[in-house]
Amino acid sequence: MKKIFLLVPAMLCFFLSYSQTLVPTPQTVENNGTVTLTGSDEFPHAHFGAITYQPSYTSTSSPAVGYGIHLNLTNLSYDQSYSAESNLPSKFTFKISNSIDKDITVTLFFNCNIINSNTGNTSSFQKSITITVKPTAPVQTTFYNVALSKAFVKNNCSSATIGSSVTYTVPANKYSGSTQADADSKAQNEINANGQNYANANGQCLQRFYNTAVSGTFTKQCDVGSAGSQVVYTVAASKYSATSQAAADQLAANDLASNGQNFANANGVCNEVRDANVRYRAFSRPGGACVTANQAQIFVWVGDSFSSDSAVGSLVYSAASGTSKVPNGDYKILSSLTPGQSPQSVYVYKVENGRITSSVICVE
């Protein structure tokens, strides 16, 4: 009876050692892909240590026995050790390649060390996994054209009529070539060679309608401080023709919308805008807004009634002509119009592109 009790622990250890498995991820792998083997049913007294690939035991079930010679397993490594404390399984990885153009389902065998951390003992057992390895994607050497189309207008009608539009299409995959561009070029060549003849043979000669004259007024676009003149752009009658009056008039309207503003910009003029003719005494301050050194006295025309509240946005012109904008910079503007008289108030503003762009910088 004692012998029976001794036999039970021995059998239990035997089955625990064999209960550990290796789980492959993924089970279907691309050619030259990486497979991860994760230990399962591991315990402190029975977990994976190092493993060794055993190529001589390799067996294949698809496409047939013996196809394992077309597989190559490399870079087998021990990536993660088992840890009971962290609940981490053992992990191994390897790469596998397939040299033929068929999926191969293979069973791989590994010699595995099963470690008992409690005793330090190591046992060696064989474990297997089954995976499918996909082939190398074939390099595409033949390309086929995509579908291409182009509209042609029948052009063999009399002057009193107008040809209808006919679409000529080359279907996809009609031509092949060594590159996509080569195949598509062959399809395009067919369109170029046959499209117009096809339209002439299959199109209709329809009544021709001409557009009526249409005009629009456009304002020349100018910089801030200037106003553009108005320019009339006209599309003459009968410039466009189509198969209906509405279509012909629409072509004229499209011309007006597309070209009217550009015509005004090219042919109009810009006139400087001045809101008032009020002259003020000022000092140009090249050294800065509140720096009096090197300031120079000038007279300026301010484009509207000048005050500390309304000055921002005002146009400022030089007194020489009353039309040229003063250079960019800082200006001390005195409300008194007569030199030598005490000014009623003094302000310093920044002027950019002829306009006062800031509120009061200094009050003196």
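Predicted model: local features only at pLDDT ≥ 70, side-chain atom pairs only at ≥ 80, totals over all residues.
Residues are numbered from 1 along each chain as its sequence is written, and side-chain values use heavy atoms, without hydrogens and water.

Phe94 belongs to the largest nonpolar core, which has 23 residues. Such a core is a set of buried Ala, Val, Leu, Ile, Met, Phe, Trp, Tyr and Cys residues joined through side-chain atoms within 4.5 Å; buried means under 20% relative accessible area, exposed over 50%, and partly exposed in between, with a 1.4 Å probe and protein chains only. Strand β8 gives the most to this core, with 6 residues. Strands here are DSSP runs (E, at least two residues), numbered from the N terminus. A second, separate core of 13 residues includes Tyr280 and Ile333.

I turn now to the disulfides, pairs of cysteine sulfur atoms within 2.5 Å. There are 2 of them. In one, the sulfur atoms of Cys157 and Cys205 are 2.1 Å apart. The torsion about that S-S bond is about -90°, so the disulfide is left-handed. In the other, Cys222 and Cys270 have sulfur atoms 2.0 Å apart, and this link is also left-handed, with -95° about the S-S bond. Cys112, by contrast, is buried, at 0% relative accessibility.

Methods: Helix = DSSP H or I, 4+ residues; strand = E, 2+ residues; numbered from the N terminus.
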